[in-house]
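Hello,

Here is the structure I promised to pass on. Please have a look at it first, and then read my notes below.

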Amino acid sequence: MKRALLLVLALLGVAGFTALGIWQVERLAWKLDLIARVEARIHAPPAPIPDRAQWASLDTRTEEYRRVRTSGVFLHDRETLVQALTERGAGFWVLTPLRTAQGIVLVNRGFVPPERRIPATRTGGQTEGSVAVTGLLRATEPGGGFLRANDPAGERWYSRDVAAIAHARSLEGAAPFFVDADASPNPGGYPVGGLTVVRFRNSHLVYALTWFALAAISAAAALLLLRSREPR
């Protein structure tokens, strides 16, 4: 009776672990397709930002990392600093509203170190008049960072939450996405654009091999149980 129970458990293990391995193979195919599509978007010629009529129904996750261009006038008096950790160290992203023909679009103009967080320390970069912006369309980052919620009242921002920033800065009808500006230099050197990190965690092959290995061990255990004799 005990051997029969162990045999059933081993066979269930074979079925369960095999199913999990197949699922991870499917996830691997999906992730590789996603990476290929994003790579194609990043290196494609820039296209105009989505039309305002599409904003309400726009699925920013499917459009994310698309290379776009737009133009307008920066509203520097309504910029927002969001904490950032980059290859240049810790500092802030400078998110500035851009008034375009389509409406208000938040632009992540780039990174500034802590000593440059005050606009007066980077007056050269406070561009006046009409400007052109090329960059990557990005999805909003609601809520905040890891274990740190955004605090609009205290001016502490840990994520680029478009809706919350638009509300805090009275930017009615702002686009539901933001644009990461490319590496085109700003006057005075700050903010520093073009620091978007495009990296997707892809451990599905390792997970699949792990599940298939466990399935093989379970199958070996089942085979041993079938070949063994009942003890006298």
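Which residue's side chain meets that of Glu155 in a salt bridge? The partner is Arg169, at 2.8 Å from N to O. By salt bridge I mean a side-chain nitrogen of Lys or Arg within 4 Å of a carboxyl oxygen of Asp or Glu. Glu155 sits in the loop between E8 and H3, and Arg169 in the loop between H3 and strand E9 (177–181), so the pair ties together parts that are 14 residues apart in sequence. Helices (H or I, at least four residues) and strands (E, at least two) are DSSP runs, numbered from the N terminus.

Before going on, a word on the source: this is a predicted model, in which local features need pLDDT of at least 70 and side-chain atom pairs count only at pLDDT 80 or more, while totals for chains, interfaces and linings use all residues. Residues are numbered from 1 along each chain as its sequence is written, and side-chain values use heavy atoms, leaving out hydrogens and water.

Arg169 is buried at 14% relative accessibility, whereas Glu155 is partly exposed at 39%. Here buried means under 20% relative accessible area, exposed over 50%, and partly exposed in between (1.4 Å probe, protein chains only).

In total, the structure holds nine salt bridges. Another one joins the side chains of Glu141 and Arg160 (2.9 Å, N to O). This pair links distant parts of the chain, 19 residues apart. Both residues also belong to a network of salt bridges with Glu64, Arg138 and Asp180.

Best wishes
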